[in-house]
Amino acid sequence: MTSRIPRDSRLRLVRPRPLAAAPTAVNQRRPRRPAPRPPEGTPAPAELARMARSGLAAAARVARWADGVLGPGGDAATADGKATLSDTTAERAARDLALTPDQVRHDWDTARLAGLVEVHGDSARPGWRLRAWDRDDTAVLRGWVALFDAWSLATPEPAEEEPAAVAEVVSAMPQVLSFLQLSAGPVPVDQLLDLLRQRVTELRTERCEVPYAADAAGPPAPAAEPSTDDPAEPARDAELAPLLDWALQALASVGALTCGDGQATLTPLGNWAVWVKLEQICVAAQSPAGNIEQAAEDMLRGCAQLRPNAARAEYRAWLAARPVGSAVTELLVAARGEDALLRGLAFEALRVVGAPAEPDVRAVVEVAALRPYALLWLAEHDGVDPEDAHEVLTREEATWLWVDTAAAVADHGEAPMLVRHLESALQPTVPALLAEVRAVGHPRTVQVLVALAAAHPDPALAKAVRRAAFQVHTGG
């Protein structure tokens, strides 16, 4: 039997993309939404970037000092592997920069939250934003937004407050910030306290909690309309007032708002950042699947049918609506599932998260199913060109990723796409590819080979692939 494609013909080598193209299984065009315009009076991006550079100047100074002084073989930057600046390094920076050690530690923490410094164990290195700080306004604004997102870490929380109460206030503050943004001017702190109390009450109601003012020993009281004469209200306000003060102080410390004379006002940067996040939520709410309200797995399935740019917008909106830590955890849980397509999409969403996801991604490097994805993510995060990131993978890891991507294509794509995927293999011949595919032990190997055999138009090649699938199935 003859064939136009010899059985051992060399494959055309194509650079494997970091996360293969399975997400394009279905492309649906959505009507373009006109580009939203920021509220009237919002400064131009260049002016916003200038404000961000000014607010982060001290942090950038410490980051540049660390870049120049803390080289390989130098003193350890951190004391405990948790990004806490060591006493020796803080004192050295204080001498060099004419600051106090406390000022250095504060600026160091700000630089770390803004992505100007990245800490890995006991060593520190400049973040990519520091390299682009003077020439890229977008990088500057992203750095400031990263700091804005981490406002609750910028100022220590009150030591006497319960962690659960602090978490409730952090969860409720987006609504307070939205109210400030929509008010477009100063708002009395008392009014914000009332709004915070209402939102915290809603959160407790959603969790079906009995109000803490109720008598725990007695039967639950019947529901009643809230009353302004309720004696529990002053107590609740008294409990939330210190936490609101802390939240406003923390937001002021990152440059998001100003407080004075019993009023709070968003700064131009804070007003712009809240508007951007509201727009992201509106975009997601317009999607047919309502992705912003979905769990990570359902959100990723909805994004599988979108073009890459539209999918990234969905990821940003979904992330903007929930705490970063829990969102990253949810994405990694989805990535651990059996659907290879969701695995690739989860790491695409983690690319949108950026630096805050790094510890969690590093933690899954030893998970076999996630290792190639995590290594590629970390390489790109470290500044490797996405086109070259695959070079960090061993031959075995690259082959495992090839099979995993083929599984996503087989489940969600079309036969021609699976045939084209064959061309992206690293191996120079089909027999070499089949031998290495069998050796990596991917759990979907048999299904992938069967699907490839059914899809390929060359009978001889299809026969060889079917034989390999049979041998894997029987353990031969």
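This is a predicted model: local features need pLDDT of at least 70, side-chain atom pairs count only at pLDDT 80 or more; totals for chains, interfaces and linings use all residues.
Good morning. The second largest cavity of this protein is lined by A63, A66, D67, L70, V117, A124, R125 and P126. A cavity here is a set of points, on a 1 Å grid over the protein atoms alone, where a 1.4 Å probe fits but cannot get out, and lining residues have an atom within 4 Å of a point. Residues are numbered from 1 along each chain as its sequence is written, and side-chain values use heavy atoms, with hydrogens and water left out.

To return to the cavity, about 50 Å³ of space lies in it; a volume is the space filled by probe spheres set on the points, which are joined across faces, edges and corners. Helix α2 (57-69) and strand β2 (123-126) each supply at least two residues of this lining. Helices (H or I, at least four residues) and strands (E, at least two) are DSSP runs, numbered from the N terminus. In the whole structure, the search finds two cavities of 30 Å³ or more.

Let me now describe the protein as a whole. Its secondary structure comes to 22 helices and five strands. Of its 476 residues, 45% are buried, where buried means under 20% relative accessible area, exposed means over 50%, and partly exposed lies in between, with a 1.4 Å probe and protein chains only. The protein exposes about 24600 Å², of which carbon and sulfur atoms supply 54%; these areas come from the Shrake-Rupley method with a 1.4 Å probe. Among contacts (heavy atoms within 4.5 Å) between residues at least 6 apart in sequence, 68% join residues at least 24 apart.

I turn next to a sheet. In what order do the strands of the open sheet of three strands stand? The order is β3-β5-β4, with antiparallel pairing. Because β3 (187-188) and β4 (257-260) stand at the edges with a single partner strand each, one side of each has no neighbour in the sheet. Two strands pair if DSSP finds at least two bridges between them; β4 and β5 (residues 263-266) pair over four. Across this pairing, T258 stands opposite T265, and C259 stands opposite A264. Helix α8 (residues 163-183) lies across β3, β4 and β5, running at about 80° to β5. Such angles run from 0 to 180 degrees between N-to-C directions, with axes fitted to C-alpha atoms, for helices over the stretch in contact.

The hairpin of β4 and β5 has two residues between the strands. Which residue of this hairpin takes a positive phi? The residue is D261, with a phi near 55°, although D261 is not a glycine. Most residues other than glycine have a negative phi. D261 counts as exposed, because its relative accessibility is 82%. A98 also has a positive phi, near 60°. A98 is found in the loop between α3 (87-97) and α4 (101-113), and its relative accessibility of 69% is why it counts as exposed.

Finally, consider R395, which lies in helix α18 (residues 395-412). R395 counts as partly exposed, because its relative accessibility is 41%. Leaving aside residues up to four places away in sequence, R395 touches L426, Q427, P428 and E436. R395 and L426 are 31 residues apart in sequence, and their C-alpha atoms are 8.0 Å apart in space. Thank you.

Definitions and conventions: On a 1 Å grid over the protein atoms alone, a cavity is a set of points where a 1.4 Å probe fits but cannot get out, and a pocket is an open set with protein on both sides within 12 Å along at least five of seven lines; lining residues have an atom within 4 Å of a point.
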